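Please look over the sequence and structure first.

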Amino acid sequence: METLKSLLPDDLKLLIGQSTSENLDLTCSSLMKSCQLLPQFQRVIGQLTGGAALCRKSKESALDWKKKGNECFSEGDYAKALTFYSKALRYAPMDMDGMDDKLVGTLYVNRASALYKIGLFEECIRDCARAITIYPVYSKAWYRRGKANASLQRHESAICDLQISLFMEGSVSGKNQIKEDIQLLLPHRSKATNESDYTKKNEKLHAVLADTKLHCVTTPDKGRGMVSSNDIPAASLIHTEEPLAAIITKSCRETHCHFCFNEVPTDPLFCRSCTIPLYCSEHCLEQAVGCNFVRSNDFSNFQNNLSVELWKYATESISLYHSARENGGDLPEHTHECGGAHWPAVLPPDVVLAGRVMMKSIEKRKLSGGLDKNIETLDFSYSYNKIPPDHKLEMHLYALVLACCLRHYLPSLETSISKFVLLISQIKVNSMAVVHMKSSDEPDLSKKSSDLSAIGNAFTSTVEQVRVGQAIYSRGSLFNHSCKPNVHAYFLSRTLHLRCTEHVQAWYPLELSYGPQIGELDHQERQKMLEDQYFFKCRCIACSELNLSDLVINSFRCSKPNCLGAILGKAYEKLEDDSWLVSAASYCSKLSLPVFQEHKMNICEVAHFLLKKDTLQKIGPGNCLSCCSSLDLSSSTSASNNSLSDICRLKDLILSFVAKDSLISDILISLGDLRSVKHAYSKVVAQAEDDVAETFAMIGQFAHAKKHCQASMEILEKLYHTKHITVAHEWIKLASIDFSLGNPADALRDIMRAEEIFSLYYGSHVAKIFPYIEHFKKELEKIGFVAV
Ligand SMILES: C[S@@+](CC[C@H](N)C(=O)[O-])C[C@H]1O[C@@H](n2cnc3c(N)ncnc32)[C@H](O)[C@@H]1O
């Protein structure tokens with residue numbers, strides 16, 4: 001893209017940089033004229049639409065991987081064989097008009113055999129069923145499935161599979177082997193229960209939506225926004241939604257399903273036209289790729305050879321897979337991207353999403369019988385005019401590339417390039433990052449403090465946030481941002497869930513956080529982040545007033561003995577507004593600073609006191625908001641930085657070597673140094689306390705760990721609020737420390753506090769998202785401590 005940009009004439013670049021949403025038609029047609037003359041532009045389009053065939057299937061590669069898989073299988077390296085067979089399946093052409101169904105069927109059966117050897121019987125059964133669906137007369141597929149069913153004690157199914165396999169087997173020795181296997185199973189036949197459950201139904205999570213009447217209203221300063229016409233109790237689920245389009249994050253491409261974003265199992269499925277995306281199930285494959293690969297083959301010839309029951313069983317085996325696909329319902333979102341270079345690898349996510357949204361609109365219009373192929377702009381807000389000039393140029397170029405590529409796929413597409421530009425800008429400000437919670441392995445609490453790695457594990461990472469994708473939601477994108485949100489957004493697979501974290505009165509704005517929040521960043525940092533990423537100046541309730549968290553989060557402490565005043569850093573130099581200083585003073589009084597305690601003044605009096613004393617000029621960066629004494633900001637900043645890096649270094653040393661007493665006393669000295677320059681409620685002190693607590697927990701000094709964990713929690717409760725999710729994570733850490741200290745009653749109280757807070761954010765999904773909590777409670781139950 002940089003090359004293309006550099007080849008454009010400067011006056012055109014200037015024109016595009018200054019464009020507004022009103023004159024896009026002009027800038028787009030000028031760009032088109034320029035680009036059509038550039039061979040480099042034609043090359044990009046060629047690569048994306050198939051000319052270079054970068055991700056095309058290859059029978060030769062498939063056969064190579066199959067050979068490698070076979071070698072590993074015969075050497076007994078089944079795990080490696082499994083990987084190679086998957087690679088072969090990835091490259092194998094699955095063109096149903098060709099002769100490759102036998103190859104694909106064989107690959108599924110080979111992979112099923114490796115899965116069988118590893119003991120993954122369900123996965124083995126799934127692969128056999130795939131082979132049977134593609135190539136129903138394949139004896140080995142029925143045979144392998146029979147063996148896996150037998151291993152799972154599903155004797156009735158196993159016998160049926162083996163009997164069908166017997167009819168299809170050509171060799172005498174093969175037939176004898178199958179007969180022997182059937183004989184062995186017959187005595188177990190009567191015990192068979194719960195048959196033919198090999199097609200697991202998609203697990204539907206019961207997410208009970210609160211009886212909420214959501215409305216989209218016009219707000220005075222944020223465009224449209226969402227409200228409810230009735231009061232909403234805390235923890236209520238108010239909205240769930242499937243995305244209009246979604247795309248997987250680059251780092252998850254090889255590990256997660258490209259449709260639902262869950263981790264792929266050991267038997268992934270692949271796109272039938274290209275070698276890039278992988279899917280976790282037939283359902284996801286169908287949703288993404290859309291075509292049906294079921295073949296009838298000459299299976300019906302066998303009807304006369306099979307008993308009525310067996311024939312019914314065999315046809316049901318296949319029809320179950322038919323219906324799994326037919327019930328998909330949604331429109332395929334990847335099909336148009338196959339053929340050349342993989343679009344998501346070459347184009348930015350916003351652009352790929354724009355293509356998917358566009359194709360979906362076209363498909364929907366076709367299905368509803370619409371004749372007009374010119375797609376209207378979607379109903380999302382956009383901030384095109386506020387976008388920096390360089391971004392506008394990029395958006396133009398990508399819009400042109402996307403339009404040309406889609407026209408290659410759909411020559412009748414008439415949508416103008418300017419609509420593509422607007423769509424990309426809409427996606428930029430309306431799409432959401434899809435984040436999944438990944439739970440680490442459960443720590444074995446039964447080992448108690450003797451197993452420090454387990455406790456350390458509990459302390460550090462019970463859950464980790466993984467950004468798995470980016471998606472756009474029609475209704476979800478109508479929720480505005482607040483730095484103090486009352487709605488929490490989370491995702492199960494790719495389904496958006498919105499839940500109120502507090503009681504919200506009817507018609508009060510329902511707002512979630514787009515990223516920055518009070519307690520995480522100060523007012524200025526939040527404003528900057530939102531302007532850079534979403535091109536708007538935040539006007540949320542939390543940004544319209546100065547609050548305690550914003551004052552102390554990055555502040556220094558007053559050097560005067562006994563003064564608890566906050567001293568703002570250099571970043572605040574720009575703020576010279578009187579009203580800001582008055583509220584700053586008011587917050588100092590909320591901090592119960594000594595000078596105001598003595599005078600017993602209320603907030604207004606504090607402000608007047610400061611004004612009367614003509615101290616306003618002295619209150620600002622570098623001066624204590626309580627007693628006005630000044631501080632050398634440069635030396636305090638470097639002292640704070642030094643202490644922080646010392647704490648980091650010492651923590652690493654203590655954890656990598658045998659913990660030396662001197663190192664432990666050094667880390668405590670550094671923490672003390674940090675506390676002597678930074679305000680007691682500043683974020684870095686909370687982080688440092690947490691680091692020191694973790695260090696002590698890892699070396700088994702749990703009493704010290706507890707003290708520092710509590711110190712960290714005390715600060716976080718001030719910066720956020722007592723029921724914030726960040727505080728819940730601290731309660732989890734405290735629970736594991738209390739457990740290690742031999743205080744199960746305290747541990748139970750801690751874990752219940754954590755659960756209570758998490759429930760506000762995740763409701764009934766807490767157990768699914770934080771399995772650790774259930775596990776912890778069960779461990780406590782075993783020793784007689786039960787949650788009431
Ligand atoms: C995802 S949309 C939200 C719905 C939007 N208000 C609408 O009318 O479609 C994001 C846009 O809403 C506006 N917005 C959202 N939260 C805001 C806030 N806290 N302050 C100011 N504008 C906000 C900005 O224009 C932003 O680009």
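Which residue in β11 is the bridge partner of Ala-489? The bridge partner of Ala-489 in β11 is Leu-498. The structure is a predicted model, in which local features need pLDDT of at least 70, side-chain atom pairs count only at pLDDT 80 or more, and totals for chains, interfaces and linings use all residues. Residues are numbered from 1 along each chain as its sequence is written. Helices (H or I, at least four residues) and strands (E, at least two) are DSSP runs, numbered from the N terminus.

**Sheet with β3, β11 and β10**

- Three strands form an open sheet in the order β3-β11-β10, with antiparallel pairing; two strands pair if DSSP finds at least two bridges between them.
- The edge strands, β3 (237-241) and β10 (487-492), each pair on one side only.
- From one strand to the next, the twist averages 20°; angles run from 0 to 180 degrees between N-to-C directions, and axes are lines fitted to C-alpha atoms, for helices over the stretch in contact.
- Six bridges join β10 to strand β11 (residues 495-500) in the antiparallel sense.
- In general, strands of a sheet pair through backbone hydrogen bonds, either parallel or antiparallel.

**Sheet with β4, β8 and β7**

- Another open sheet of three strands has the order β4-β8-β7, and its pairing is antiparallel.
- β4 and β7 stand at the edges with a single partner strand each, so one side of each has no neighbour in the sheet.
- Strand β4 (residues 245-248) pairs with strand β8 (residues 463-472) over four bridges, in the antiparallel sense.
- Ile-247 has Gln-470 in β8 as its bridge partner.
- Strand β7 (residues 432-439) pairs with β8 over eight bridges, also in the antiparallel sense.
- Val-435 has Arg-467 in β8 as its bridge partner, and Lys-438 stands opposite Glu-464 in β8.

**Domains**

- The chain is divided into domain 1 (2-20 + 28-37 + 347-430), domain 2 (537-631) and domain 3 (633-782); these bounds come from an automatic or database domain assignment.
- The contact between domain 2 and domain 3 takes 14 residues from domain 2 and eleven residues from domain 3; two residues are in contact if their C-beta atoms, placed from the backbone, lie within 7 Å.
- On the side of domain 2 that touches domain 3, α20 (548-552) and β13 (556-557) each supply at least two residues.
- The largest share of that side of domain 2, three residues, comes from α20.
- The residues of the side of domain 2 that touches domain 3 divide into seven nonpolar, five polar and two charged. Ala, Val, Leu, Ile, Met, Phe, Trp, Tyr, Cys and Pro count as nonpolar, Asp, Glu, Lys and Arg as charged, and the others, Gly among them, as polar.

**Helix pair α26 and α27**

- Helix α26 (residues 683-698) packs on helix α27 (residues 702-719) at an angle of about 155°, with their axes 8 Å apart.
- α26 and α27 are therefore roughly antiparallel to each other; angles under 35 degrees count as roughly parallel, over 145 as roughly antiparallel, 65 to 115 as roughly perpendicular and the rest as oblique.
- α26 passes α27 in a left-handed crossing; a crossing is left-handed if the near helix is turned anticlockwise from the far one by less than a right angle, and right-handed if clockwise.
- The residues that meet include Val-685, Val-692 and Phe-696 in α26, and Phe-702, Ile-715 and Leu-719 in α27.
- By class, the contact of α26 with α27 has 13 nonpolar, three polar and three charged residues.

**Helix pair α29 and α31**

- Helix α29 (residues 744-762) and helix α31 (residues 771-782) have axes 11 Å apart and pack at an angle of about 155°, which makes α29 roughly antiparallel to α31.
- Their crossing is left-handed.
- Pro-744, Ala-747, Leu-748, Ile-751, Ala-754 and Glu-755 in α29 meet Ile-773, Phe-776, Lys-777 and Leu-780 in α31.
- The contact of α29 with α31 has eight nonpolar, no polar and two charged residues.

**Helix pair α15 and α16**

- The axes of helix α15 (residues 349-367) and helix α16 (residues 389-409) come within 10 Å and cross at roughly 40°, and α15 and α16 are therefore oblique to each other.
- α15 and α16 make a right-handed crossing.
- Val-351, Ala-354, Gly-355 and Met-358 in α15 meet Tyr-398, Leu-402 and Leu-406 in α16.
- The contact of α15 with α16 divides into six nonpolar, one polar and no charged residues.
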